[in-house]
Amino acid sequence: MFSLNLDKQQDTRTQLVENQYSEMVQVTVAEVSKALLGKEHQIRLSLCCLFSGGHLLLEDLPGMGKTTLSYALAKALGMQYNRIQFTSDLLPADILGISIYDQSSGQFSFHPGPIFNQLVLADEINRTTPKTQSALLEAMEEHQVTVEGETRRLPDPFFVIATQNPVNLAGTYPLPESQLDRFLMRLRLGYPDQRAERELLEMDTERDKVESVQQCLQLQQVTDFRKRSAQVKASSALLDYVQRLIAFTRSHEEFHFGLSPRGSLALMRAAKTWALMCGRDHVVPEDVQTVLPAVVEHRLRAMSDEDGHTGAALVQRLLSEVDIID
Amino acid sequence: MDISYQIPRAALIWVLAAVVLVSIPQAARMPLWIAIIGITCVVWRVLIFLGKFDYPGRWLRTAVVICTLIITLTQMRNIGLGLDSAAALLMLGFVFKLIEMRSKRDVYVVVSLCFVMCMVSFLYTQSAVITLYITSCVIAILTSMIALHRSQAETSTRSNFWLACKLGLQALPLTVVLFLVFPRIAPLWSVPFQSNSGETGVSNEMTPGDLALLGRSSELAFRVQFEGGPSPMHAALYWRGLVLEHFDGETWRRTRPGSAYAEAAQRADFNLDWEDRVRTQGGPLNYNIILEPTQQPWLFGLHLAQRQTSSLLQSRNFEIFNNGLVNKRLSYDLQSYTNNQTDLILLDSARRRATQLPEEGNEASRAFAAQLRQSVNSDRDYAFTVLGHFQQNPFFYTLNPPLLGDQRIDDFLFNTRNGFCEHYASTFAFLMRAVGIPARVVVGYHGGEYNRFEDYMMVYQYNAHAWTEVWLEGEGWVRFDPTAAVSPERVEIGVEAALSEDPSFMEESFFGANRFGGVGWMNTLRLRLDALEYEWNRRVVSYDETEQYDLFARLFGQVTDQKILLLLGGLASAVVAVLAFIVIRGTPTKSSDPVNRVYARLSRELDKIGLPRQSGEGPYSYRDRVVAARPELKEPMGTLTELYVELSYRQYDEPADKLRQFKKQLLQLRLRLSPLTR
């Protein structure tokens with residue numbers, strides 16, 4: 001499942017153009033890599049997701065470094081962050097905040113919940129009830145929350161990095177498609193390769209690796225990056241290719257349903273950011289192909305699918321069967 | 001089967017259009033009720049599509065099948081087993097299939113049947129017009145097939161139609177080649193034509209009324225082209241068919257009925273003693289006749305015709321026969337000596353046959369003849385006196401003669417005096433024989449219409465005519481046409497002029513020769529159409545084994561078995577080679593974008609060293625893969641990839657310039673690769 005991602009890692013290096021943007025990304029990736037060894041490509045993709053202004057869903061088995069990645073990212077980007085551990089008895093109010101009667105002033109005062117942060121780490125999101133999940137997801141979509149009739153804006157930028165265990169583990173509430181769609185990307189980290197594993201084992205086990213991650217980007221830089229990436233050029237030849245990809249998902253019988261317009265928009269946005277991260281002002285097919293698995297895997301489902309994990313195979317078909325030229 | 005499958009609207013429309021188109025030629029020659037059933041089924045299918053009607057239930061379908069079988073069986077009993085009844089059965093099955101056409105498979109069946117119906121049309125006629133029509137039908141069928149396989153959103157009706165036209169045009173060269181070289185295999189089975197409907201034209205017996213029936217038909221009998229020199233005068237165009245010698249008081253026949261020997265003798269080839277019996281003056285007249293199928297063996301020609309086509313036979317009465325029935329259009333060459341005398345000495349047996357009359361009957365006529373003969377000196381004068389009798393008394397030329405009583409000759413001669421040519425010929429011959437002068441009736445055609453566009457004559461069924469030949473001492477057989485005495489314009493100008501007032505003339509035809517004769521351009525159109533048919537028949541339909549052989553001989557010299565085998569083998573391997581090439585090469589990606597086209601060329605170049613671009617592979621990934629496999633190509637691949645990305649994805653300001661650069665680079669790469677590939 002990860003072989004493709006590892007292949008693409010090599011591509012990424014070869015199509016790099018040295019300039020301030022690619023350098024910036026390079027530095028950040030190196031910084032986050034201190035905490036998570038041998039996962040440059042996944043780190044790059046998560047950065048791409050955040051630079052695109054989208055929310056990230058990390059999905060893997062327990063102990064693969066999901067939480068570590070989230071923390072490291074938050075620290076490297078210098079964001080104000082908070083972590084919510086989702087459990088089955090968590091209530092919406094625990095996330096959004098609650099109004100408490102203040103006896104001294106004789107008024108209700110609002111105590112904001114952990115969601116009022118620039119970066120929210122929603123740990124094990126599929127362990128909580130759908131009710132609580134939807135409270136979070138609504139906030140993600142609208143960038144605002146309504147508590148007791150009053151609408152409050154969330155800080156800007158606002159990112160959610162959610163992690164979840166594969167849904168077939170016990171005691172989970174799988175996210176429905178409509179909510180999965182809200183995440184720009186879904187990433188899997190996978191086992192570290194041999195070299196990284198060895199390095200990990202050789203390291204000082206006492207030290208907290210996340211602690212060593214330094215802030216290397218200013219908030220302003222993140223916002224700039226986001227603005228700049230919107231200006232990346234997508235030629236008609238490239239748009240043709242993207243349209244063919246989308247049409248393929250909609251016309252072939254193996255696909256339970258095709259890619260939604262939100263999905264195709266997400267794909268374009270991520271591809272543009274990726275192009276900029278490589279230092280280019282135009283999108284090439286490789287950009288689309290690199291972000292494609294992360295962006296669309298969780299939005300696709302095969303006809304014969306039961307647990308929602310056949311997207312990867314479908315993406316492989318998309319990559320190999322849709323040609324870049326007509 | 002997917003119950004909810006709906007045949008696409010465009011496909012359904014085209015399928016129904018194709019069905020209607022291919023059915024029209026069939027329906028035109030079938031009983032009306034079949035056409036009505038056909039229309040009902042088409043309308044039913046449209047209503048099913050609109051959701052106003054449902055598919056027929058199981059019981060209805062079973063009932064329909066049983067009814068069809070019963071009807072067809074009765075049809076077969078009534079009109080006999082043959083093409084017509086089989087075509088009717090096919091047609092019924094075909095239209096009934098429409099109303100149970102639900103799934104794609106059913107549409108395939110209907111489409112295949114459409115092609116079969118096209119072929120059935122060709123069994124009846126292979127004229128140029130019908131060929132054109134069937135071609136348009138085939139285009140409609142192709143369009144329906146295309147519409148069936150393309151989704152609605154993908155295409156418009158018009159583009160389906162153009163694609164079908166394109167396919168048809170692409171098939172044209174192959175069609176021509178197959179037409180020219182495909183072996184003409186004799187049919188493995190023959191289709192029996194219905195005996196009652198198949199035979200057309202004059203028959204070997206003549207009862208008054210027969211030819212008048214032909215006078216109502218404007219079907220073509222044959223076409224004639226004279227070689228060199230002007231064609232003869234209209235009055236001289238007596239197309240001799242059969243000589244009828246035996247009269248039983250009502251009907252003229254070629255032979256005494258039931259005489260197998262006489263039948264055989266008359267069909268025998270008497271060409272051998274031709275020279276002794278014939279005296280000719282002047283040069284011969286050469287001409288070619290293309291006879292429409294008659295299902296009869298006899299042919300037509302001017303008197304005195306000598307066959308030029310070797311397969312023909314000639315009887316002792318100088319009739320011409322084909323070896324076998326004329327069941328398809330037949331072209332034959334004749335040479336006629338119009339200035340001739342035959343049988344100056346009449347054999348006794350021939351004289352007996354030419355003076356035979358029933359023992360009794362028509363006594364008044366016999367008495368009239370004897371009395372008239374007494375009043376003149378010679379047989380010749382007698383004949384002219386009889387003609388004068390027809391001329392001077394109120395005899396009329398009409399297609400609608402009144403019914404005659406038992407004593408037919410008497411009745412006609414003294415009472416009704418209204419008749420068509422056969423009445424006059426029959427009566428005249430009777431009057432001759434009554435006084436012992438040898439005489440016989442000849443049936444055939446007279447006249448014809450000249451087509452100036454291709455310089456040939458058209459002879460129609462309404463040109464059917466009967467006249468007499470009388471043997472006179474010292475002159476041999478002399479042609480007498482008693483009709484000319486009654487209606488001179490019949491002979492001088494033509495039957496059209498003589499009968500232009502007669503309402504029943506050609507009443508069975510719509511586009512008859514003279515219905516629109518008065519309208520100038522209509523007539524021109526008709527003549528042009530016929531000229532087209534004539535050329536079509538001469539050049540295409542008549543292309544048979546012999547002509548094929550001639551063509552081979554002209555192209556490859558002497559035709560030997562080896563050469564034919566070599567040619568066929570060569571053709572077959574050429575086809576296989578082309579197919580193999582297409583299959584091995586795969587579908588070439590022909591892109592409309594010039595940039596993509598040259599980029600595809602790069603992939604083809606690198607394919608030679610085993611590094612084609614794979615489907616879905618981006619330019620950078622491709623470059624990296626090629627460079628990894630062939631590090632020496634790093635520099636040109638890098639440049640080409642950069643150029644391609646700039647052209648295609650960066651959209652440089654001067655694409656033409658960059659494209660030129662790309663092509664130059666590509667050429668250099670090719671030059672670099674050429675030692676590698678060799």
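Q: What makes B:R29 a charge over the ring of B:Y124?
A: B:R29 lies over the face of B:Y124, at 3.7 Å from the ring centre. A charge sits over a ring if NZ of Lys or CZ of Arg is within 6 Å of the ring centre and within 35 degrees of the ring normal. The 3.7 Å of B:R29 is therefore within the distance limit. This is a predicted model, in which local features need pLDDT of at least 70 and side-chain atom pairs pLDDT 80 or more, while totals for chains, interfaces and linings use all residues. Residues are numbered from 1 along each chain as its sequence is written, chains are lettered from A and ligands numbered from 1 in the order written, and side-chain values use heavy atoms, without hydrogens and water.

Q: Which ring does the charged end of B:R440 sit over?
A: The ring is that of B:W477, with the charged end of B:R440 3.8 Å from its centre.

Q: Why is the pair of B:W239 and B:Y287 called edge-to-face?
A: The structure holds 32 aromatic pairs over all chains. In this one the centres are 6.1 Å apart and the planes are at 70°. Rings of Phe, Tyr and Trp (its six-membered ring) pair if their centres lie within 6.5 Å, and planes under 30 degrees apart count as stacked, over 60 as edge-to-face and the rest as tilted. The pair is therefore edge-to-face. B:W239 is in strand β3 (residues 238-244) of chain B and B:Y287 in strand β7 (residues 285-291), 48 residues apart. Both rings also belong to one aromatic cluster, whose members include B:F222, B:F226, B:F300 and B:Y445.

Q: What does the pair of B:F247 and B:F430 tie together?
A: The two rings are edge-to-face, 6.1 Å centre to centre with 75° between the planes. B:F247 lies in strand β4 (residues 246-247) of chain B and B:F430 in helix α16 (residues 421-434), so the pair ties together parts 183 residues apart in sequence. Helices (H or I, at least four residues) and strands (E, at least two) are DSSP runs, numbered from the N terminus.

Q: How do you know whether B:F247 and B:F430 are buried or exposed?
A: Relative accessible area decides (buried under 20%, exposed over 50%, partly exposed in between, with a 1.4 Å probe and protein chains only). B:F247 has 1% and B:F430 has 1%, so both count as buried.

Q: Which residues of α13(B) and α16(B) are in contact?
A: B:S365, B:R366, B:F368 and B:A369 in α13(B) meet B:F430, B:L431 and B:A434 in α16(B) (contact means heavy atoms within 4.5 Å). Helix α13 covers residues 363-375 of chain B, and the two helices pack at about 65° with axes 8 Å apart.

Q: What makes helix α25 of chain B mostly covered?
A: In α25 (residues 634-650), 12 of the 17 residues are buried, among them B:L640, B:L643, B:Y644 and B:E646. The helix is followed by B:Q651, with a positive phi near 55°.

Q: Where is the cis peptide bond at A:P157 placed, and what is its omega?
A: The bond from A:D156 to A:P157 has omega near -5°. A:P157 is in the loop between β7 (150-153) and β8 (159-164) of chain A.

Note on methods: Axes fitted to C-alpha atoms, helices over the stretch in contact; angles between N-to-C directions.
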